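Hi,

Here is the structure I promised to pass on. Have a look through it, and then read on for what turned up.

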Amino acid sequence: MKNTAPREDFTDADIKIGKRATWAVGLPAIEHAMIPSEEEMGTARTAKVSLTINHKRGFDCPSCAWANPDHSKPLEFCENGIKSIVWESTPLTIPREFWAEHSLTSMRSKSEYWLGKQGRIVEPMYKAADSDNYVPVSWDEAFGIASRHLRSLKSPDEAVFYTSGRIMNEPAYLYQLFARAFGTNNLPDCSNMCHEATGAGMSPAIGVGKSTISYDDFGKADLVIVMGQNPGTNHPRMLNALEDTKVHGGEMVAVNPLPEASLMRYKNPQRPSGLVGNGTKLADDFLQIRIGGDQHLIQAVAKRVLLAEEAAPGTVLDHEFLDTYCEGFEAYREHILATDDQEVLEATGLTTEQIDSLADRYIKSNATIITWCLGITQHKTGVGTIAEIMNLLMLRGNIGKPGAGASPIRGHSNVQGDRTMGIWEQMSDAFLDSVAAEFGFEPPRKHGFDTVASMNAVERGEVKVMMSMAGNIVAAISDSKGAEEGIARADLTIQVSTKLNRSHIVTGREALILPVLGRTEKDMQHGLSQYVTAEDTVCRINASRGELDPVAPGLLSDVSVICRLAESVLEGRGVDIDWRGFEQHYDTIRDSIARVIPGFENFNSRMENEISFVLPTGRGTAALSRRLRARRS
């Protein structure tokens with residue numbers, strides 16, 4: 001297999017600027033995806049992975065959280081997805097000599113790419129307080145080190161348990177259970193840095209911060225407004241859904257500072273027209289908005305909707321929907337009609353004609369989806385913008401009916417599921433009550449640290465142990481320099497992961513790396529094949545079963561790492577949880593989830609008989625959510 005040494009000497013002279021692309025995907029995407037896969041993994045592994053990724057009895061792609069259609073194509077992946085799989089599933093492993101030859105100090109000058117290209121980590125690694133190198137240790141030694149540090153803390157709140165969206169529902173459930181049984185709600189995750197604004201903006205409106213649509217709604221929509229995202233770059237399989245909109249006669253408007261080629265013309269590589277034809281023009285209009293101007297645009301469109309209703313009473317607004325499901329309309333109407341038109345033009349950089357055109361499309365549409373990603377959420381006005389998106393949708397009853405609704409697009413695979421499983425520093429009393437009833441201990445009620453608060457606390461010396469399930473928090477957080485300085489003050493950092501990244505070489509005084517199976521690898525426990533589940537961006541629960549033999553015999557699953565660590569740390573603390581039973585058969589984890597989390601009733605039997613199912617979003621949170629579900633059905 002190839003292991004081409006990555007260059008570290010790139011200069012400005014290596015940058016090539018060509019003509020702006022006017023279409024995306026097509027045959028080049030196949031070439032860019034499959035050739036590296038063939039070179040890195042070989043023919044047999046490439047074929048096995050390609051035919052099972054994102055299939056109902058295959059494994060869930062770790063690249064993004066995009067939904068799978070009910071009727072999958074033979075190849076249900078994108079260029080990004082297969083590259084992600086190649087990155088994680090390479091048969092190349094890091095030899096023992098590497099750790100002696102490369103100090104942490106020397107590796108800090110290397111790029112993320114170089115670190116990842118060294119291959120899979122295949123045995124637990126430990127950095128002692130007086131050392132600049134990792135050395136191999138046994139699993140028992142690794143758990144002993146972690147347990148010693150955690151058990152010696154003056155307060156459980158001196159520990160932080162971070163995760164990215166890479167881990168699946170079953171280990172996420174156990175991870176939050178371990179943290180709370182230990183005594184803390186310090187459960188920050190990558191959601192704190194991406195879609196927290198979505199939850200805060202949507203929940204007051206409908207009682208839930210998740211998508212209100214299904215995958216098939218894109219094919220039923222009259223209009224789709226795509227805001228603050230670049231699907232072709234970040235979640236390319238969404239292009240198939242947008243193509244469904246166009247094929248079925250719908251329109252699509254892109255609102256973004258960046259004119260992305262994929263939204264101009266999409267060449268679907270699984271259609272003849274995508275290989276030898278012109279492909280599909282997706283965007284009927286492109287509004288090149290100024291950064292941060294989205295809230296002004298939504299309010300301006302809403303103002304035009306209200307004025308159109310004044311001009312033709314009873315013909316524009318969905319009065320039945322507003323009267324039945326909404327409150328505060330008159331105050332909202334007064335606020336929107338007072339919007340300053342000149343301020344809107346200055347904030348958006350758009351013309352009056354462009355805004356009029358979008359408003360006309362919205363008024364004519366009987367079913368509209370508004371979909372957004374981090375270009376909306378990662379602004380100071382993110383929460384307010386999303387609240388205004390929900391208001392605009394409600395004006396014409398575009399929630400809870402086919403082809404219409406709010407569609408926040410999550411990034412990491414299962415980042416949404418992690419939150420559902422309890423990975424949050426502010427879980428509700430109802431959730432904590434259910435945990436208490438299930439396991440017989442009182443979980444902490446005080447809210448814990450989110451990601452930013454965790455970094456601030458570790459910088460102040462208040463956090464002694466920082467554990468991370470997957471992810472790369474040092475690179476992901478906005479103030480990476482501050483995070484690095486803070487983490488160096490911790491007594492112990494623990495990384496549960498597959499490959500090296502920046503967060504492995506910026507450590508506390510002591511550090512552990514606990515290597516685990518990848519998504520593509522078989523997970524065998526006591527001779528039985530196990531599977532895990534993920535929640536996609538439209539709230540569907542899908543199974544994930546690895547198909548490849550593990551790259552090394554000593555790797556543990558995420559579930560095994562959590563269960564064995566929890567058993568070691570919590571021994572003698574009066575918390576009676578059958579960690580060994582959870583590790584031996586994951587059905588027992590799902591049975592517990594079914595008793596604790598609403599919407600997962602009969603979890604195991606539903607996965608066996610239905611293969612996947614959609615969660616009833618917003619259950620028990622708001623009367624509006626319940627009525628909207630009834631309206632949709």
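What volume does the second largest cavity have? It comes to about 80 Å³. A cavity here is a set of points, on a 1 Å grid over the protein atoms alone, where a 1.4 Å probe fits but cannot get out, and lining residues have an atom within 4 Å of a point. Grid points are joined across faces, edges and corners, and a volume is the space filled by probe spheres set on the points.

Before going further: this is a predicted model, where local features need pLDDT of at least 70, side-chain atom pairs count only at pLDDT 80 or more, and totals for chains, interfaces and linings use all residues. Residues are numbered from 1 along each chain as its sequence is written, and side-chain values use heavy atoms, leaving out hydrogens and water.

Back to the second largest cavity: twelve residues line it, with Asn54, His55, Lys56, Asn68 and Asn542 closest to its centre.

There are five cavities of 30 Å³ or more. The largest cavity has a volume of about 250 Å³, and among its 19 lining residues, Gly518, Arg519, Asp523, Val532 and Asp558 lie nearest the centre.

Then there's the largest pocket, at about 1,200 Å³. A pocket is an open set of points with protein on both sides within 12 Å along at least five of seven lines. This one is lined by 39 residues, and Pro62, Ser63, Ser164, His412 and Gly471 are the ones nearest its centre.

Happy browsing!
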